[in-house]
Amino acid sequence: MPNRDGHRFRDDGATVRPETDRLLLDVMLGKLAVYLRLCGFDTAYAGDRGIEDDERIAETAKREDRRLCTRDVGLAGQVPESVLLTEHEIGEQLVELRESGFVLDVADTPEYCGRCNGAFTAVSSDADSPEYAPDPGENDCWRCETCGQVFWNGSHYERMRETVESA
Ligand SMILES: [Zn+2]
């Protein structure tokens, strides 16, 4: 229905964006968690936390004020404002999230570690990097303050960006 200013309301809920929404992903959505972290969302993953039963997941979402994403219809029904996903494939799941109002943009400077959701800090260009990572003088690199993993803006990162952008 048009409101009194003549604009139309969307009735599918508010837009979900990193600035306003923190997320909790159910155990079957570990791969999606990596993508959402890359898109700048503070994304807790039930698999990382070792929580599987519905009651604890619902309680964690409420206590930490996180929006739950799950493929479990029953669980989605118990948790207010949760997002029910039906797809299995990552590209299709990203489409579902977009359709649910998620803003999905891969950040040029990622904030959250894809592996553990820890905070990233930039590796300075003259710092030592581990053997698996490129020279930070040649590639932008970030180190996770929690797990120590170094990520960089390389081909893997670009493939993930393409997956997000084409969804
Ligand atoms: Zn980490």
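**View 1. Packing of the buried residues of helix H5 in the predicted model.** In this predicted model, the buried residues of H5 pack against helix H1, strand S3 (66-70), strand S4 (83-84) and helix H6 (155-166). These buried residues are Ile90, Gly91, Gln93, Leu94, Glu96 and Leu97.

**View 2. The contact of helix H1 with helix H5.** Two packed helices are described by the angle between their axes and the distance between the axes. Here, H1 (residues 30-38) and H5 pack at an angle of about 60°, and their axes are 10 Å apart. The two helices are therefore oblique to each other, and H1 passes H5 in a right-handed crossing. From H1, the contact is made by Lys31, Leu32, Tyr35 and Leu36, and from H5 by Ile90, Gln93, Leu94 and Leu97. By residue class, this contact of H1 with H5 comprises 6 nonpolar, 1 polar and 1 charged.

View 3. Because its relative accessibility is 4%, below the 20% limit, Gln93 counts as buried. Leaving aside residues up to four places away in sequence, Gln93 touches Leu29, Leu32, Arg71, Leu85, Glu87 and His88. Of these neighbours, Leu32 is also one of the H1 residues in the contact with H5.

**View 4. The two ends of helix H5.** At the N-terminal end, H5 is capped by Glu89. A side-chain oxygen of Glu89 lies 3.2 Å from the backbone nitrogen of Gly91, and Gly91 is itself among the buried residues of H5. Gly101 follows H5 and has a positive phi, near 95°.

Technical notes:
Residues numbered from 1 in each chain as written. Predicted model: local features only at pLDDT ≥ 70, side-chain atom pairs only at ≥ 80, totals over all residues. Heavy atoms only, no water. Buried < 20%, exposed > 50% of the residue type's maximum accessible area, 1.4 Å probe, protein only. Contact = heavy atoms within 4.5 Å. Axes fitted to C-alpha atoms, helices over the stretch in contact; angles between N-to-C directions. Helix = DSSP H or I, 4+ residues; strand = E, 2+ residues; numbered from the N terminus. Parallel < 35°, antiparallel > 145°, perpendicular 65-115°, else oblique. Left-handed = near helix turned anticlockwise from the far one by under 90°. Nonpolar A, V, L, I, M, F, W, Y, C, P; charged D, E, K, R; others polar. Polar contact = N/O pair within 3.5 Å; in protein donor to acceptor, adjacent residues only side chain to side chain.
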